[in-house]
Amino acid sequence: MNFEERVLFHEFQLNDTDDMIVDYIRKRREELNSITIKQIAADNYTAPNTVMRLCKKLGYKGFAELKVLLAEEKKKHDQEIMYDRIPKSIMKTLDLISYDQLLLVADKIKNARTCHFIGVGDSRTSCEMMVKNLMCQDKNSVSYVDYHDIDYRVKHCHKKDILFFISVSGENERLLKVAREAKERGICIISIKHFSENSLSKIADILMFFWREERMVNGYNVTDRLGLELLLRQLSEVFWRTYWI
């Protein structure tokens, strides 16, 4: 139980002096670590033993434990406030990330002849970012800007290549078509998509998930893509750390 719950639970045991000390602690709990039991007693015109008895009534072993647990409560409260400020897409994506899987994919990237990043619409910028992240380690990687290039590359890629499909919905028919063609040729397909069941999931060899929340403002798509960026950054970090092994 926290401090307030203890006060409520033991309310029937508390006298007027106890209530006065409880109110004092509430008002000065931010600075309680620097306040002695003698100072609390003096400020409330009572004896240190009275303060100690209150601590025992509330279920603490003593005044020292009360101060320690109140400090822990504050730390927990501050953390909860911080987490409330973090977008849901980040928290949920962190839950979805498997570091064993990141290591597996990083190893496949390392041993691939070429990494092809395929995505259309807003996903194109994510593909371009991944190409840059791999190029800094001289890893051959390419992204594509239109369907014609995608169709051509899938038909001519090497069996030791990897195709990364970055698709939020996983239901783009043009991308599904080329993914099926690559699957028939035995090329490794890695799907990077929002956490949901879709057609691309059934084709890919490896599924990597992030979380996104759709949002429209005045009819304009402002969907949060932080989850996707977080997943790709984590993959890049793991690849960078393992590249020289």
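A nonpolar core is taken here as a set of buried Ala, Val, Leu, Ile, Met, Phe, Trp, Tyr and Cys residues joined through side-chain atoms within 4.5 Å. Buried means under 20% relative accessible area, exposed over 50%, and partly exposed in between (1.4 Å probe, protein chains only). The model is predicted: local features need pLDDT of at least 70, side-chain atom pairs count only at pLDDT 80 or more, and totals for chains, interfaces and linings use all residues. Residues are numbered from 1 along each chain as its sequence is written, and side-chain values use heavy atoms, without hydrogens and water.

The largest nonpolar core holds 31 residues. Phe 117, Phe 164, Ile 192 and Met 208 have the most contacts inside it. Elements giving two or more residues to this core include β1 (115-118), β3 (162-166) and α11 (226-242). Helices (H or I, at least four residues) and strands (E, at least two) are DSSP runs, numbered from the N terminus. The largest share, eight residues, comes from α11. Another core, of 20 residues, lies apart from this one, with Ile 21 and Leu 58 among its members.

Salt bridges (a side-chain nitrogen of Lys or Arg within 4 Å of a carboxyl oxygen of Asp or Glu) number 13. Arg 26 pairs with Glu 4 at 2.9 Å, N to O. This pair links helix α2 (residues 16-28) to helix α1 (residues 3-9). Glu 181 forms a salt bridge with Lys 177, at 2.9 Å between the closest N and O atoms. Lys 177 and Glu 181 are four residues apart in helix α10, so about one helical turn separates them. Glu 181 also meets Lys 155 in a salt bridge (3.8 Å, N to O).
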